[in-house]
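Subject: Structure for you to look at

Hi,

Here is the structure I said I would pass on. Have a look at it first, and then read on for what turned up.

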Amino acid sequence: MREYEDNSHNLVYENADKSAFRDVGEPSELMRCIGNLPEAIPANDPRVDLIVKSLSKIDAHPIAKPVPLRDLNELIKDNIVSETKISIYEGGWPDMRAIPGSDIPLPVELFVAAPMIKDWREGRVSESKGGKSSRDIIRQYAGMNPKTSPPIRSVDVVVDSDGGVFLALQGDGAHRLCAAKMRGDREILCREISIVRLN
């Protein structure tokens with residue numbers, strides 16, 4: 001099971017509606033696709049394509065402001081029933097190799113959280129990267145071609161017992177995700193995907 005790190009940077013969130021993510025999307029076919037998944041499957045497994053197609057069919061209700069990732073992880077960490085990792089690699093060590101074209105497109109509207117992001121347009125609070133503010137970095141990414149941007153990493157597809165579904169970015173790529181939301185992109189390329197089922 002995944003480990004949830006305590007990150008003091010996430011304490012910058014104010015007045016977040018911690019229940020906002022519950023109604024992001026209602027899957028129709030997704031529950032059938034993830035019914036009996038093993039702990040790991042490769043990205044070229046036919047079931048992955050079915051999962052992606054079912055996610056793209058969800059009537060999403062995007063949230064205006066992100067949910068604090070730390071709070072979200074606290075809510076779900078004790079309720080995980082199963083977790084399946086979708087790997088971009090195939091074969092065993094030391095002969096593992098990346099599967100060509102294995103990055104997975106996931107719906108941008110289903111994302112509710114990303115590391116340290118307080119606002120999808122503003123980005124991170126009181127943080128600069130290379131002398132630029134989060135807002136400037138997001139605008140720079142928003143001006144780029146989304147098809148040539150590198151994929152974001154470590155995404156959870158969280159499905160609760162009532163069939164609600166949402167996505168949370170646990171790894172890098174938060175500014176690229178914000179840029180995709182600003183542009184109104186329908187999908188963003190992801191890798192290191194985990195399907196997390198809650199009780």
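Below is what I found, going from the whole chain down to single residues.

Before anything else, please keep in mind that this is a predicted model. The average pLDDT for the protein chain is 83, and 84% of the residues score at least 70. Confidence is highest in strand S6 (residues 111-113), at 96, and lowest in strand S9 (residues 128-129), where the mean is 66. Take care with residues 1-23 as well: pLDDT stays under 50 there, and the model has 44 contacts beyond four places in sequence for that stretch.

Now the overall picture. You'll find 5 helices and 13 strands in the protein chain. Of its 199 residues, 46% count as buried. The accessible surface is about 10700 Å², and carbon and sulfur atoms make up 46% of that. If you take contacts between residues at least 6 apart in sequence, 79% of them join residues at least 24 apart.

Beyond four places in sequence, Ile-193 touches Thr-84, Lys-85, Ile-86, Ile-104, Leu-106, Val-155 and Val-157. As background, nonpolar side chains tend to be buried together in soluble globular proteins.

Next, helix H5 (residues 174-183). Since 8 of its 10 residues are buried, H5 is largely enclosed by the rest of the structure. Those buried residues include Ala-174, His-175, Arg-176 and Lys-181. Just after H5, Gly-184 has a positive phi of about 80°. Arg-124 and Ala-174 are 50 residues apart in sequence, yet their C-alpha atoms are 9.1 Å apart in space.

Finally, the charged pairs. The count comes to 11 salt bridges, and here are three of them to look up:

- Asp-45 with Arg-47, where the closest N and O atoms are 2.9 Å apart. Asp-45 counts as buried at 14% relative accessibility, whereas Arg-47 is partly exposed at 32%.
- Glu-90 with Arg-97, with 2.5 Å between the closest N and O atoms. Glu-90 is partly exposed at 23% relative accessibility, and Arg-97 is partly exposed with a relative accessible area of 46%.
- Arg-153 with Glu-192, where the closest N and O atoms are 3.3 Å apart. Arg-153 lies in strand S11 (residues 152-159) and Glu-192 in S13, so this pair ties together parts that are 39 residues apart in sequence. Arg-153 is partly exposed, at 31%, and Glu-192 is partly exposed too, at 40%.

Happy to talk any of this through.

Cheers

Technical notes. Residues are numbered from 1 along each chain as its sequence is written. Side-chain values use heavy atoms; hydrogens and water are left out. Helices (H or I, at least four residues) and strands (E, at least two) are DSSP runs, numbered from the N terminus. Buried means under 20% relative accessible area, exposed over 50%, partly exposed in between (1.4 Å probe, protein chains only). Contact means heavy atoms within 4.5 Å. Accessible areas come from the Shrake-Rupley method with a 1.4 Å probe; for residues, only the protein chains shown count as cover. pLDDT is the predictor's confidence in each residue, from 0 to 100. A salt bridge is a side-chain nitrogen of Lys or Arg within 4 Å of a carboxyl oxygen of Asp or Glu.
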